Amino acid sequence: FGGQMPPDLAELHADIADKWTILEGISGIGSGGETGSGATVRLFKKSPGSNGAKIGVVVHCQDTEEDIPFDEDAFLEGQEQDESEEEPSQAVRFGVTISKGGKTVVLQCRCGGDGDISVESAAVRDGESEGVLMALAGGENLNAALYQGPEFTELAEDLQESFQEYVVKECGIDEDVAAFISMYADYREQVEYVTWMKTAIDVLD
């Protein structure tokens, strides 16, 4: 792996950059070329939302999991799902921030291997998107001291659907952005792995 961005990802990167500012790393966290600093990528939408809100996205290249489709028939029959010989596709988790008037709504989302986007949680934070993205990149999670919002799956179904529609239509996380998030996370994980391996060998050898 040479570290060069694959052509299809490079083309998609160029397309996404028309509407989004793409930044690697977090200011004050792993900056200045520090080892591992490229594991996090931020996107800021160049145009505000219809209500004037600033929209941002943060992705960590290791926040992934196998995206194994649920086989309802096998489940009902009490059978194990068939394991494909092919390597399962990867789902990527990412955060979306919507900021206005010193307050930010944080939507924790998931992009499946098929490009489908789902919202998993919604919380409210003080501050604008930059500060909130730094907190997310710094490891804020369900164990944080602040209120994390209600259990998302317990919300009314129409409200859950409204959040997901907002992410796609208002925030602009369309199929291209979802594809970029998935492909770029995979690319950065490979780059960071190679850097990690070389550094570890240099130190331990």
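1. Mean pLDDT for the protein is 82. Of its residues, 78% reach 70 or more. Confidence is highest in helix H1 (residues 7-16), at a mean of 95. Helix H2 (residues 72-76) is where confidence is lowest, at a mean of 51. Where pLDDT is low, the predicted coordinates should not be read in detail.

2. Now the whole sheet. It is open, has six strands, and runs in the order E1-E2-E3-E4-E5-E6 with antiparallel pairing. Strand E1 (20-24) and strand E6 (117-126) are the edges, each pairing on one side only. On average, neighbouring strands are turned by 20° against each other, direction ignored.

3. Helix H4 (residues 157-170) packs on this sheet. H4 touches strand E2 (40-45), strand E3 (54-66), E4, E5 and E6. The direction of H4 makes about 90° with that of E6.

4. H4 itself has 14 residues. From first C-alpha to last, H4 reaches 19 Å, close to the 20 Å expected at 1.5 Å a residue. Just after H4, Gly172 takes a positive phi of about 80°.

5. Which residues of H4 are buried? They are Gln160, Val167 and Glu170. These cover an arc of only 140° around the axis, so they lie on the same side of H4. Their cover includes E2, E3, E5 and E6. The face turned away from the buried side carries the exposed residues Glu157, Asp158, Glu161 and Lys169.

6. E2 deserves a separate look. Six of its six residues are buried, so E2 is largely enclosed by the rest of the structure. Both faces of E2 are covered. Thr40, Arg42 and Phe44 are buried on one side. Val41, Leu43 and Lys45 are buried on the other. Note that Arg42 and Lys45 are on this buried list.

7. What flanks E2 in the sheet? E1 pairs with E2 in the antiparallel sense over five bridges, and Ile22 stands opposite Leu43 in E2. E2 and E3 also pair in the antiparallel sense over five bridges. There, Phe44 stands opposite Gly56 in E3.

Terms used:
Residues numbered from 1 in each chain as written. Predicted model: local features only at pLDDT ≥ 70, side-chain atom pairs only at ≥ 80, totals over all residues. Heavy atoms only, no water. pLDDT = per-residue confidence, 0-100. Helix = DSSP H or I, 4+ residues; strand = E, 2+ residues; numbered from the N terminus. Pairing = 2+ DSSP bridges. Axes fitted to C-alpha atoms, helices over the stretch in contact; angles between N-to-C directions. Contact = heavy atoms within 4.5 Å. Expected span 1.5 Å × (residues − 1). Buried < 20%, exposed > 50% of the residue type's maximum accessible area, 1.4 Å probe, protein only. Arc of directions from axis to C-beta.
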